[in-house]
Amino acid sequence: MSTATHDPGTSVAVPVTRTDRRHVKAPIALGVFALLAVLLFVFGRRDGVATFQLSRAADVVQVPNIPVPSAPTGIVLAFVLVALSILSGWWARSGRRTPTWLVALFAALFLLGFLAWAAAGATLPIAGLLAGSLALAVPLIFGSMGGVISERVGVVNVAIEGQLLAGAFTSALVASITGSSLAGLAAAMVAGVLVSFVLAAFSIKYFVDQVIVGVVLNVLVSGLTGFLFAQLLSPNAAALNSPPRFARINIPLLSEIPILGPVLFRQTLIVYLMYIAVAAVYFGLFHTRWGLRLRAVGEHPQAADTVGINVAATRFWNVSLAGAIAGAGGAFFTLGSVGAFGKDMTAGAGFIALAAVIFGRWDPIRATLAALLFGFASNLQNVLGIIGSPVPSEFMLMLPYVVTIFAVAGLVGRVRGPAAAGKPYVKG
Amino acid sequence: MASVRPMPLSAAARPFLLLSTSVLLLAGCAAAPEASPEVESGASADYCARMVTNSGGLQDRSFNQSSWAGLERAGEELGIDADVIVSTTETDLAPNVAQAVESGCSFVLTVGYELAAATLEEAEQNPDVHFSIVDEVVEAENVKPIIFDTAQAAFLAGYLAAGVTETGTVATFGGGNQPPVTLFMDGFVDGVAHYNEVKGTDVRVLGWNKQAQDGVFTGDFEDVNKGNTTTKNFLDQGADVILPVAGQVGEGAAAAALEAGNGLIIWVDNDGYETLPAEYRPLVLTSVLKNTADAVVDIVGADVNGTFDNAPFVGTLKNGGVDIAPYHDLEERVGADLAAEIDALREDIVAGTIEITSPSTP
């Protein structure tokens, strides 16, 4: 029982030490963005009024449109941003860290200035912008919840893409056959679990490299669903690939909150399920015995084993659970959005979800915020493209990825994942 | 003490594991026999034709599907052996073209611009084999490009959209900024502009700026969810007729338009009224058709008769290579007057009195 299989030096959970004596990273980043703001909003200022449309015609509470004169707003904001970055730099000189609220304020003001600049002479539908962001983020959030659970228990989950795609395919097929979107959702979760079983079996029982199993699974699911789609679903589309979609459910009162109410609470069942999933994963991971055991297995499997936790079984079942959650996210592509399955319709969402897991430092709430950020950036580039942005479309399409890279590199910095993630546990 | 021993899984886990593996295996077996299409062996048994798809696969509701429909029909009508090699990824393309050539067939049809390089290479190495490529121009002695001036038909669709819109705003978006895609968008924008000129109206087009040759793109041809949110954004801006030029992503546009209740869509490549799920039928205003199948039948027929040439086949309104589909359920809304105007426009374009130009015109 005493044979240790891993290096004790890396497995002990060391608290993150604040090593940089002078906190210069934040002031530099803020300075760069303040400079960008001056260049765009002052020297590249655009005449006209940007109209922020806060309510849609169907909303209960109508908030009037807010006209924002582009050039004056931009100039004022540019100076505020410069002042904030100077304040941050001054604090850094005296050895103080730039507080998070300052970074958040800076980001919000920069965004406001950018929107006023980009939407000069046009109407910017804020409600639509937010609703679209959420729609693009939903599968990412489900995927990242699956990723968080799987990696926290010690199995690197590169197969999120495959789990999403399997969920999308199975939900379309089963919902079409049974005529019930609920049955489709359940089937999607089963499909995600099946993909997880393969990942879990190879990585836990046979100690195959987890990343390689994950990559192979993605290709396998893509090929399998593509093949079945071509041979089975397409020729019989009416019977096998026309699932009923989930209807929108308005939550009373909550859906009448101005601006955010209709965005968050006039949604389909899958989206409400996502809210529950995020809350449940957060609470479960950090406030229950299940979560404690799960994290122990992911951080220090030998210690967990010593106190009588069955490491292999804990990993196996939690990786399966992760698959069920990611599979439900796959159902959003079909039952929550378009209906019919299409070849490779997840289009890389699983990999963005994986990035959100790391960007969110393996924390369900932060990973959700990361996914929302990506969804927002994606939809922002789209809306700006429609209202006629001065930036070429190829650059705009890069925006979500650029934002993600900046956010990971700039805000998150060095991250430390679960110590035993990716390492098979071999009992001595 | 054994140093490495597999951890036993809990007894309960095992049946699930077995189940999942066997389901995967079974799924792999079940559909396999359907995979290879029946090979016709007819009179010209020594002549055979092979087609190579791009990574979109055979059921793409687009050019792969219609090219194969054409080649299949040519096989039946002419009694020749026709078969298809389906590519699934970008790395399949060149090996599949090589495989098609090695099959010994004298005619190879490739589909899509991704296959241009592989087609050119094989064509140079095999001067005796006749090639044809759909939607791309490859210049070689033994390659016949099949291309379509879709701007002509999209012009009609644009005029129609401008005539039908109630909000005075229409929109288009593409999957990627590529000439075969933007050709539709150029024609559409010009059609709307022509309507404005003739009627003195001010119908706006969102999503494409012909002068700047830039506009709204989803970035891929797969993610229907992006098509859905893009279309919602268009609807938010007041557009009520949408032309998605993005393969299956367009289905997301149809779903968004259906949910909004006042949106109409214009499908591309084939008649969306027939190829889309039935729930979207009431929304399909028309479709910009590319008649790839007939072109393929003609070209294979010519090759069988020994009259192959490398002059590009350009599908136009004149030769029936492109057109717009019937209005189906929306015929009443379009009305006899607008329909007559569009028929007159078609005559004008065929006669050459109206010329549609685009930087992407083949």
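**Entry 1: domains of chain A**

I looked up the domains of chain A and found domain 1 (20–121) and domain 2 (131–411). These bounds come from an automatic or database domain assignment. I noted that this is a predicted model, where local features need pLDDT of at least 70, side-chain atom pairs count only at pLDDT 80 or more, and totals for chains, interfaces and linings use all residues. Residues are numbered from 1 along each chain as its sequence is written, while chains are lettered from A and ligands numbered from 1 in the order in which they are written.

The C-alpha centres of domain 1 and domain 2 of chain A are 32 Å apart. I then listed their contact: nine residues come from domain 1 of chain A and eight residues from domain 2 of chain A. Two residues are in contact if their C-beta atoms, placed from the backbone, lie within 7 Å. Ala, Val, Leu, Ile, Met, Phe, Trp, Tyr, Cys and Pro count as nonpolar, Asp, Glu, Lys and Arg as charged, and the others, Gly among them, as polar.

**Entry 2: a helix in chain A**

Next I checked helix α16 (residues 364–386) of chain A. Helices (H or I, at least four residues) and strands (E, at least two) are DSSP runs, numbered from the N terminus. The expected span is 1.5 Å times one less than the number of residues. For the 23 residues of α16(A) that gives 33 Å, and the end C-alpha atoms are 33 Å apart, so the two agree. In α16(A), 19 of the 23 residues are buried. Buried means 20 or more other C-beta atoms within 10 Å of a residue's own, with C-beta atoms placed from the backbone. After α16(A) comes A:Gly388, with a positive phi near 85°.

**Entry 3: a strand in chain B**

How many residues of strand β3 (residues 107–111) of chain B are buried? I got five of the five, so β3(B) is largely enclosed by the rest of the structure. B:Phe107, B:Leu109 and B:Val111 are buried on one side, and B:Val108 and B:Thr110 on the other.

I looked for partners next; strands pair if DSSP finds at least two bridges between them. Strand β1 (residues 48–52) of chain B runs parallel to β3(B), with four bridges. There, B:Ala49 stands opposite B:Phe107. Strand β4 (residues 130–134) of chain B is also parallel to β3(B), over five bridges. Here B:Val108 stands opposite B:Phe131.

**Entry 4: domains of chain B**

Chain B is assigned domain 1 (24–148 + 292–315) and domain 2 (150–291 + 321–351). Their C-alpha centres are 30 Å apart. The contact takes 14 residues from domain 1 of chain B and eleven residues from domain 2 of chain B. On the domain 1 side, α2 (63–78) and α10 (292–304) of chain B each supply at least two residues. α10(B) gives the most to that side, with four residues.

**Entry 5: where the chains meet**

Last, I took the contact between the chains: 49 residues from chain B and 52 residues from chain A. On the chain B side, α7(B) gives the most, with nine residues. I sorted that side of chain B by class: 21 nonpolar, 19 polar and nine charged.

Conventions. Buried ≥ 20, exposed ≤ 12 C-beta atoms within 10 Å, placed from the backbone.
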